[in-house]
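I opened this structure to look up a few local features. My notes follow the order in which I checked them.

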Amino acid sequence: MPSVSAVDSQLTALAGALKATNLLMAVDMLKDVTIFAPSNAAFKAIGSATGSLTEQQLAGILEYHIINGTVGYSTLLSMGLANRTLPTLEGPDLRVQATGDKIFINGAQVQIADVLVSNGVMHVIDAVLNPANTTATANPTATTPAVMFQGAAAASNVPFTSGISATTTAPSATTQTAAAGLSVEQPAVGAIGAAALFGLVIAAL
């Protein structure tokens, strides 16, 4: 079996949140998407706020991370779409900002760029975006990731990961450095669906 990619191990919280809202297959069926995928650390940073979210609220937050109809590779984000806003699946716009060799989505920084999925591209970001805080902006000099949920505090455990872990079903990946200085993750065997990339293992099944 191919090894688990670096992306899989960082996205189990997102996978669990998508499963909890029944969005995983729906996201896989979209065409021409750009997905901004918060890392496990990003979800952990707002852990205190996640327990009170309804399924509808959580779904809205997740849909705010998806651009439908635009495949935004890092080169496009850093040049053609820089300093522009893009409508999300949830409705409110996201702002793309490029500063030096960094790309920001609202206040979140892209950590791993250009992860190919069968229906578009995915970028791993260091913070969870908040559709109720659309004015959050980039801070290129910040030394810690932004927290866009007012009053949220870090949890001791990563939320939404109960019964979910990275698995070895996703293709292995090779990492290279992009021209913009971003980490670029390319699946070794073509583009795969988001569901496979997240590498879900549902322990209860």
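Predicted model: local features only at pLDDT ≥ 70, side-chain atom pairs only at ≥ 80, totals over all residues.

These entries cover a hairpin, an aromatic pair and a pocket.

Entry 1: I began with strands β3 (residues 84-87) and β4 (residues 93-99), which run antiparallel. I found 4 bridges joining them. Across the pairing, Leu 86 stands opposite Leu 94 of β4. The two strands form a hairpin, with 5 residues between them. I looked at the turn and noted that Gly 91 has a positive phi there, about 130°.

**Entry 2: aromatic pair.** I searched the whole structure for aromatic pairs and got 1. The partners are Phe 43 and Phe 160, in an edge-to-face arrangement. I read 5.9 Å centre to centre and 90° between the planes.

Phe 160 has a relative accessible area of 23% and is partly exposed. The cut-off for buried is under 20%.

**Entry 3: largest pocket.** I put the space in the largest pocket at about 170 Å³. I listed 13 lining residues. Nearest the centre are Asn 139, Ala 142, Thr 144, Pro 145 and Ala 146. What is the lining made of, by class? I noted 5 nonpolar, 6 polar and 2 charged residues.

How values were computed
Residues numbered from 1 in each chain as written. Heavy atoms only, no water. Pairing = 2+ DSSP bridges. Phe/Tyr/Trp six-rings, centres within 6.5 Å; stacked < 30°, edge-to-face > 60°. Buried < 20%, exposed > 50% of the residue type's maximum accessible area, 1.4 Å probe, protein only. 1 Å grid on protein atoms, 1.4 Å probe; cavity = no way out; pocket = protein on both sides within 12 Å on 5 of 7 lines; lining within 4 Å. Points joined across faces, edges and corners; volume = space filled by probe spheres on them. Nonpolar A, V, L, I, M, F, W, Y, C, P; charged D, E, K, R; others polar.
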